[in-house]
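Hi,

Here is the structure I promised to pass on.

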Amino acid sequence: MEQTTINTPVVIRPATIFAFMKICPLILVAMGFLLIAFRYFPLFIAPSFAVSVFAWYRFLFIRTTVYEITDEVIRFSRGIFFKRTDMVELFRVKDYILTRPFALQVFGLMDLTLKTTDPENPVVWLRGIPYSNLVDIIRIHVLEARQHNRIVELN
């Protein structure tokens with residue numbers, strides 16, 4: 001395996017299909033309310049509209065999430081109206097968990113969970129990102145960050 005150095009940050013977003021998969025139950029509920037509204041009680045259009053708006057908001061929320069991986073930190077920002085950006089130093093990363101449920105495998109996606117010693121972010125979850133060798137890249141940078149900061153892990 002060749003040594004990969006990243007001078008520019010790697011920017012990753014959850015895939016569009018992942019966001020759509022997450023809002024599918026909401027779309028089905030909205031269609032159910034709409035069916036009830038047309039068939040039995042017209043006032044059920046209001047809950048259908050409300051659930052549809054929430055589904056659209058949820059879709060945008062997932063799609064505006066950004067994971068930025070540099071040599072020293074992982075930044076992840078989320079939010080539409082109020083952005084929140086968290087940073088975790090790479091030398092704090094302790095464990096990597098790559099999960100690929102069947103639905104994500106079909107679309108070439110993965111969830112990456114990073115367990116850290118950071119008190120504010122003990123678990124960093126990169127959800128619905130394209131399948132790649134990102135774990136290896138992060139691992140290399142974690143080791144480099146530990147050497148650079150002279151961090152020695154004691155178990």
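A residue counts as buried when its relative accessible area is under 20%. Keep in mind that this is a predicted model. Ser77 comes out at 14% relative accessibility, so Ser77 is buried. You'll find Ser77 in strand β3, which covers residues 73-78. Leaving aside residues up to four places away in sequence, Ser77 touches Thr64, Thr65, Val66, Arg84 and Thr85.

Next, the largest pocket. It holds about 230 Å³ of space. There are 14 residues lining the largest pocket, and the closest to its centre are Thr65, Tyr67, Arg78, Trp125 and Arg127. Two or more lining residues come from each of α1 (16-39), α2 (45-63), β3 and β7 (123-130). The largest share belongs to β7, with 4 residues.

How do you describe two packed helices? By the angle between their axes and the distance between the axes. For α1 and α2, the axes come within 8 Å and cross at roughly 175°. Angles over 145 degrees count as roughly antiparallel, so α1 and α2 are roughly antiparallel to each other. Among the residues making this contact are Phe18, Phe20, Leu26 and Phe33 of α1, and Ile45, Val51, Phe54 and Phe59 of α2. By class, the contact of α1 with α2 has 17 nonpolar, 3 polar and 3 charged residues.

Cheers

Notes
Residues are numbered from 1 along each chain as its sequence is written. This is a predicted model: local features need pLDDT of at least 70, side-chain atom pairs count only at pLDDT 80 or more; totals for chains, interfaces and linings use all residues. Side-chain values use heavy atoms; hydrogens and water are left out. Buried means under 20% relative accessible area, exposed over 50%, partly exposed in between (1.4 Å probe, protein chains only). Contact means heavy atoms within 4.5 Å. On a 1 Å grid over the protein atoms alone, a cavity is a set of points where a 1.4 Å probe fits but cannot get out, and a pocket is an open set with protein on both sides within 12 Å along at least five of seven lines; lining residues have an atom within 4 Å of a point. Grid points are joined across faces, edges and corners, and a volume is the space filled by probe spheres set on the points. Axes are lines fitted to C-alpha atoms, for helices over the stretch in contact, and angles run from 0 to 180 degrees between N-to-C directions. Angles under 35 degrees count as roughly parallel, over 145 as roughly antiparallel, 65 to 115 as roughly perpendicular and the rest as oblique. Ala, Val, Leu, Ile, Met, Phe, Trp, Tyr, Cys and Pro count as nonpolar, Asp, Glu, Lys and Arg as charged, and the others, Gly among them, as polar.
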